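Here are my notes on this one, as numbered points. Have the viewer open while you read.

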Amino acid sequence: MAVAVAANLPVILWGAPGTGKTSSVVALGESLDMPVEVVVGSIREPSDFSGLPVLRDGGTWFAPPRWAERLARSGTGMLFLDELTTAPPAVQAAMLRVVLERTVGDLVLPPEIRIVAAANPPEQAADGWDLSAPLANRLIHLDWEVSAADIAEGMAAGFTVPELARGEAPTEAAVSGARATVGAFLRVRSELVLAVPDSPDRAGRGWPSPRSWDLAARALAACAHSGAEEAVLAELVLGAVGEAAGFELLSWLRNLDLPDPVQLLNDPHAPLPDRVDRLHALLGSLVAHVAAEGGAPVWEQAWSVVGRVARTAPDVAASAARALARQRPGGAKLPTTMLELAPVLRAAGLLT
């Protein structure tokens, strides 16, 4: 949960009632000096999220509720959506824009507002509903488990507050690199790009879609940035795209073993992977590195790596060439390597 909050990823905690989900989230917010607004779904109406229509300046304004105004004024904080499975379907539908776009009525919440939700399994909730598939697909799902030893220790010595590294979230370049890596995986497992569950009970948890794969990529970047353990990455990835697809990605990542982009730029004879999916992942990380560096020398050097890949995998090189061309910094010269890549550039639509 701490890694997800740091990376500003919307997360939902699943657990039995009375196990401290709400208390832990509120304590986490207090430890970070973040205001926490607790919104209980079972006692809310759709208008509490979509806004109440009122006349304003001769037009209709969808006025946000007070909790949204308080968060907007603070500029930072945590919106805690509690008891989601007791919220009726109409209320869940109204929450969609809040979770994904941070929009409440006609008010847009600041980007630094974190969103955390909690829910009891429908069979343990009073008059419970499964989460709708669209709402579930907007969240990373984590199981909230407690042990007798932890409870006993907390009762005796006090419960600890969840710790959160106060470092910054991963850079956009790091997120782009993680997206390129996940995209390389989906090139070889294209059937996993979208797999809508065929039963309501499965649709209420994480499942693969372009939206949830992006959540998984952002979680990958966040874990790399924070140095989180592999178990943390596994929980976040599985919570985003579900167990079947998530385990496949984790297994693929474990066997990826890519060379560092800097090493490739500095050593023209550094070995390249022989598998197409690894080449896609390697060039994706190379383009992300070039975007982060932003300098003409690095951009020009990158074309030599693309040229090496083009000799054995022109299709892979064409995709990277298109992305690299968009990253051209001001003043960068066209390297001579690009002349050798004329067929590849033409295939990428960069030459006529």
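**Notes on the model**

1. Let's start with a loop residue. L131 is buried, since its relative accessibility is 4% (buried means under 20% relative accessible area, exposed over 50%, partly exposed in between, with a 1.4 Å probe and protein chains only). L131 sits in the loop between strand 8 (113–119) and helix 6 (133–136); helices (H or I, at least four residues) and strands (E, at least two) are DSSP runs numbered from the N terminus. Leaving out residues up to four places away in sequence, L131 touches I12, W14, L84, T85, Q92, A136, H141, A203 and G204, where contact means heavy atoms within 4.5 Å.

2. A word on provenance. This is a predicted model: local features need pLDDT of at least 70, side-chain atom pairs count only at pLDDT 80 or more, and totals for chains, interfaces and linings use all residues. Residues are numbered from 1 along each chain as its sequence is written, and side-chain values use heavy atoms, with hydrogens and water left out.

3. Next, helix 4 (residues 66–74). W67, A68 and L71 are buried there, and they lie on the same side of helix 4 because they cover an arc of only 100° around the axis (the arc is that of the directions from the helix axis to the C-beta atoms). R66 and R73, on the other side, are exposed. What follows helix 4? That is G75, with a positive phi near 80°.

4. Now the aromatics. F185, W213 and W252 form one aromatic cluster; rings of Phe, Tyr and Trp (its six-membered ring) pair if their centres lie within 6.5 Å, and planes under 30 degrees apart count as stacked, over 60 as edge-to-face and the rest as tilted. F185 and W213 make a tilted pair, 5.8 Å centre to centre with 55° between the planes. F185 is in helix 8 (residues 172–188) and W213 in helix 10, so this pair ties together parts 28 residues apart in sequence. The F185 and W252 rings are also tilted, because their centres are 5.6 Å apart and their planes at 55°.

5. Finally, a helix pair. Helix 10 (residues 210–226) packs against helix 11 (residues 230–241) at about 170°, with the axes 8 Å apart; axes are lines fitted to C-alpha atoms, for helices over the stretch in contact, and angles run from 0 to 180 degrees between N-to-C directions. Helix 10 is therefore roughly antiparallel to helix 11 (under 35 degrees is roughly parallel, over 145 roughly antiparallel, 65 to 115 roughly perpendicular, the rest oblique).
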